[in-house]
Amino acid sequence: MAKKKSGKDVSKASAKAAKKAKAAQKIERKEKKKVSKTKDEFDDDDQDLESILDKIQREWEEAHKVTEELVEGPPSRRANATLTPCPNGNHLWCIGGEFFSDDGKAHFYSDVYRYSPEKNEWRKFVSPTCPGPRSAHAVVASPAGGGKLYLFGGEFSSLYQNSFHHYRDFWCFDISTHTWERIDTKVRPTARSGHRMATWKQYIVLFGGFYDPGIKTNYLNDLWLFDTQEYKWRQVEFKENERKPSPRSGFSFLSTPEGILLHGGYCKEYVKGSRPIGVMLDDTWFLRMTLNTETPTTGKSSADPLTLKWEKRKKPSTAYAPSLRSGCTMALWSAKNMGILFGGVTDEDTSEETMESVFHNDLFGYQIAGNGKWLSMNLRRPKKKGGAQKKKAPVQPTRPDPDEEEDSDEEAGSDEETVVNDKPRKPSKPQSTKRPNDAADDEIDPDDPILTVPRPRYNAMLAVLRNTLYIYGGIFERGAREYTLDDFYALPLDKLDRYVCMKASEIVIAEGDDASSEEDDDDGEDDDGDDDDTADEREEIESVTVVGEDETKEVEVLETIEEEKDSLRVQATAFMGVAKDSTRSDEDVVSTPLPGETLAMFYARSREYWAQKAYGSSDSRGKQLRRDGFTLAEERYATYKPILEEVERILAEAGLDEEEMRTGAAAGPQTASGQSRNRR
């Protein structure tokens with residue numbers, strides 16, 4: 001018979017059960033607390049996420065906030081900007097540009113202007129999100145999506161041109177909202193300037209240009225396509241035996257329904273041991289583009305629905321084409337399927353130090369259809385009602401007097417057809433830049449339309465909007481001095497009666513001086529000024545804009561921290577300039593490492609030189625002599641290594657990879673031709 005549990009055992013069991021229950025309650029409270037805490041954290045996270053999204057939205061709106069401002073007139077003096085007709089409205093868009101002041105400073109712009117001919121007003125649009133300041137970029141327009149402007153590439157330099165950069169970024173400007181968006185793709189064209197773009201159906205076609213990393217100016221002839229529907233770049237490859245245009249920049253590139261017309265351009269020929277020679281091109285090519293929409297009978301779809309082929313056009317048999325020149329990109333007159341060419345410059349190298357330049361202000365048309373045909377577009381003289389004709393004005397006009405222009409405008413405006421001279425004549429000759437003297441003023445017909453022709457110039461910005469040609473700015477040179485113009489003209493192409501000066505230039509250009517004597521005087525003054533200014537002014541670096549491939553950053557340069565880096569950048573820039581000097585001795589050339597060159601490459605190139613050095617300074621022979629030579633080469637390389645690394649950074653910022661650096665270095669030392677940088 002079992003014993004009954006004592007009261008003590010019962011109390012122990014109940015205490016143990018109570019303890020278990022208490023522990024269970026404690027665990028339950030913890031679980032509830034944990035669940036509650038987790039829920040609160042989720043709520044907090046939701047609130048944090050909402051605040052983050054709100055913050056991002058506010059930052060985006062602030063970054064894309066557009067300021068619109070009505071300005072008094074055309075943009076400030078500048079060159080190598082773009083003037084683009086609006087694809088779905090009666091406007092012109094002007095973007096970017098550069099201006100080199102008399103004190104040697106380079107100013108680059110990133111502003112966007114819109115011109116409305118109907119109101120004769122200019123408006124400026126400013127947004128925090130926009131392409132960096134640049135010039136020599138390319139812009140094309142597309143009517144899709146309410147109207148877009150696409151921009152690629154261009155160039156930028158520091159204030160005193162110590163560092164030079166090319167862009168390879170791609171942007172889209174929405175005309176309806178006036179906002180910029182950057183288009184980033186893994187595959188894209190290399191950095192460049194002076195290239196051209198045109199649109200064909202949904203494609204943007206890019207060709208040529210140049211990049212100048214400081215060693216030499218490298219001209220390009222690669223062809224790229226950007227599909228605006230798929231948002232992808234791709235390079236078009238041609239077979240080796242297929243003909244294609246030579247490398248060039250600053251050419252005409254006009255879109256047609258069948259493809260794209262390319263004419264002219266500029267490049268430099270580099271011959272080892274001599275200075276580079278500028279080459280003006282006048283060949284004409286047509287890029288025939290065919291979109292294959294038919295399904296093949298095999299049932300397999302074509303890998304590439306687009307077919308492209310370069311066709312070289314023969315030079316017209318008639319002899320009324322423009323004289324050989326550069327700096328005269330054509331604008332497209334779409335209503336007539338015609339390219340319009342104005343001005344330009346013809347350079348003639350007379351010696352290694354001097355170059356004679358003749359500037360033009362004549363007007364030509366190129367009929368794109370068929371095999372192409374040049375037309376000389378002469379202004380139509382108004383008919384006189386009785387009386388003797390007054391003496392004709394000289395070919396070169398003065399700038400129009402505003403009072404005379406208003407009077408003449410009232411008389412002009414008859415509905416006679418456009419006067420286009422397509423009869424054979426001798427090739428156009430460079431026009432004199434001298435103006436008529438005061439004694440002959442009373443013999444000049446004030447109604448002669450030739451008096452309204454703008455001053456000769458090159459790199460003028462042209463655009464045809466409907467049937468009117470607009471000309472803005474450009475560059476004119478007298479002697480060694482360069483003038484960036486800021487005048488603005490309009491010419492009705494369907495009437496060709498007279499140029500209308502929308503804004504006269506306020507720039508005073510000295511007349512009557514001999515170009516050669518003025519060049520000598522200016523050269524002397526420049527030399528004196530450079531000696532005084534260079535050392536002092538260029539050390540005062542306040543800020544530097546560093547332009548990379550992916551972004552533009554404003555970097556505040558603190559002298560105490562960045563002094564050493566600044567000094568190294570200046571040394572690297574100077575080294576790049578010396579590397580292009582063909583007057584260096586053979587010893588200096590062979591004993592100095594090049595950018596992108598490894599120690600092994602440097603020693604392989606200069607082995608004999610260092611062996612001779614070691615032979616003259618020691619009694620070593622055989623393998624030991626080679627070791628001593630290598631030691632000397634290694635010491636030389638170590639001396640230049642910091643500068644070479646900085647040079648390579650500069651070249652990398654310009655968009656070059658290691659292979660391109662070594663290719664440029666392998667070309668050897670080059671020298672500048674003395675030609676204006678704008679000829680590129």
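Which residues are linked with E121 in a network of salt bridges? E68 and R123 are linked with E121 in this network.

## Basis

This is a predicted model, in which local features need pLDDT of at least 70, side-chain atom pairs count only at pLDDT 80 or more, and totals for chains, interfaces and linings use all residues. Residues are numbered from 1 along each chain as its sequence is written, and side-chain values use heavy atoms, with hydrogens and water left out.

## Salt bridges

A salt bridge is a side-chain nitrogen of Lys or Arg within 4 Å of a carboxyl oxygen of Asp or Glu. The whole structure holds 16 salt bridges. One of them joins the side chains of E121 and R123 (3.0 Å, N to O). Relative accessible area is sorted as buried (under 20%), exposed (over 50%) or partly exposed (in between), with a 1.4 Å probe and protein chains only. E121 is buried at 15%, while R123 is partly exposed at 21%.

Another salt bridge joins K315 and D282 (3.4 Å, N to O). K315 lies in the loop between β19 (306-313) and β20 (331-333) and D282 in strand β18 (residues 277-291), so the pair ties together parts 33 residues apart in sequence. K315 is exposed at 59% relative accessibility, and D282 is partly exposed at 36%. Strands (E, at least two residues) are DSSP runs, numbered from the N terminus.

## Aromatic rings

Rings of Phe, Tyr and Trp (its six-membered ring) pair if their centres lie within 6.5 Å; planes under 30 degrees apart count as stacked, over 60 as edge-to-face and the rest as tilted. The count is 35 aromatic pairs. F100 and F108 have ring centres 6.3 Å apart and planes at 75 degrees, so this pair is edge-to-face. Both F100 and F108 are buried.

Key
Helices (H or I, at least four residues) and strands (E, at least two) are DSSP runs, numbered from the N terminus.
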